[in-house]
Amino acid sequence: MILGIADHPSFKKSLAEFLDFASRLKVDLVELKMDRLELLKALSSAEKAHQVKQLLDTYDFKHSVHAPSINVNLASLNPTIRKASEKVVTNAVRFAVEINAEFSISHVGRLSKDYPKGFLEKALKNAVETLKRINKTANDLGVVFTLENDHKAKDYILAGYPEQLSFLIENVGCKLTFDVGHANTLKKPEEFIEPLKAFIANLHLHNNNGKEDSHLSLRKGNINLQEIFERLGDSITNTPLTVECHSFKGLEESVALLREKLG
């Protein structure tokens, strides 16, 4: 079992304090959320990137890098916003290479409900073209690039349902970070496994009640974790299990639960 926890920009702790916490939990992998302000600076400053790498090197973790998602939209109909979004995600991929990360993660983006639904095809085309370029850069640099499935939202989602994800992955050529909690806001997460199992390179684990993306402890909510693990079968041994709760308590409870269930 490869057990990890994900950082989050809402944590009222420094990056060093988060890493100390991860060390106490004795996890294998730490996911760096590049929306954290001190990590955002590392995407535009070589000096800051070097400082972050020096800090990471003092710990014995594997790493994954989650590209910024706040104010980022790879499917935007506005070419200026789309170009800037592509640049920031590409920079996150390059940062992943610098710190020898196992893989990188990115959201796709959405189409604003302020646009007619008929613009969905254009937004999807934008997303595919942009993701292809990012994935090529990742391949050239030797790091695995994954896209993450979206949750229910007010805007039109492009990467939420299994058929949407299959289309994107097959056309882009990347892998999938399967977010179990996001899936639960749309349908039963276990129903995603069969059509997407071959693409899953990472799992994001957190819980909710199916109504909103609340990132609760795995001990709460209504997700059937056992069913998901059974459908994943032997592949779960080599697939990182990254807990993505938005509280330290939730992370600690969830790590303990996974160790109880999977040993």
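Author: Happy to! One term to begin with: a contact here means heavy atoms within 4.5 Å. Among contacts in the chain between residues at least 6 apart in sequence, 76% join residues at least 24 apart. Keep in mind that this is a predicted model.

Reader: Thanks! How many helices and strands does the chain have?
Author: There are 10 helices and 10 strands. The radius of gyration is 17 Å, close to the 18 Å that the globule rule gives for 263 residues, so the chain is as compact as a globular protein of that length.

Reader: And what does the C-alpha trace span along its principal axes?
Author: About 50 × 45 × 30 Å.

Reader: What share of the residues is buried?
Author: Buried residues make up 53% of the 263. As for the surface, the chain exposes about 12,200 Å², and carbon and sulfur atoms supply 48% of that area.

Reader: Switching to charges: how far apart are the mean positions of the positive and negative ones?
Author: They are 3 Å apart, with 35 positive and 35 negative charges in the chain.

Reader: Now a single residue. Where does Asn184 lie, and is Asn184 buried or exposed?
Author: Asn184 lies in helix H7, which covers residues 180-184. Its relative accessible area is 11%, and buried means under 20%, so Asn184 is buried.

Reader: Which side chain does the side chain of Asn184 join in a polar contact?
Author: That of Asn222, at 2.9 Å. Leaving aside residues up to four places away in sequence, Asn184 touches Asn222 along with Pro189, Asn208, Asn209, Gly210 and Ile223.

Methods: Residues are numbered from 1 along each chain as its sequence is written. This is a predicted model: local features need pLDDT of at least 70, side-chain atom pairs count only at pLDDT 80 or more; totals for chains, interfaces and linings use all residues. Side-chain values use heavy atoms; hydrogens and water are left out. Helices (H or I, at least four residues) and strands (E, at least two) are DSSP runs, numbered from the N terminus. The radius of gyration is taken over C-alpha atoms; the globule rule is 2.2 Å times the number of residues to the power 0.38. Buried means under 20% relative accessible area, exposed over 50%, partly exposed in between (1.4 Å probe, protein chains only). Accessible areas come from the Shrake-Rupley method with a 1.4 Å probe; for residues, only the protein chains shown count as cover. Lys and Arg count as positive and Asp and Glu as negative; His and the chain ends are not counted. The place of a charge is taken as NZ of Lys, CZ of Arg, CG of Asp or CD of Glu. A polar contact is a pair of N or O atoms within 3.5 Å; within protein, one must be able to donate a hydrogen and the other to accept it, and residues adjacent in sequence count only if both atoms are side-chain atoms.
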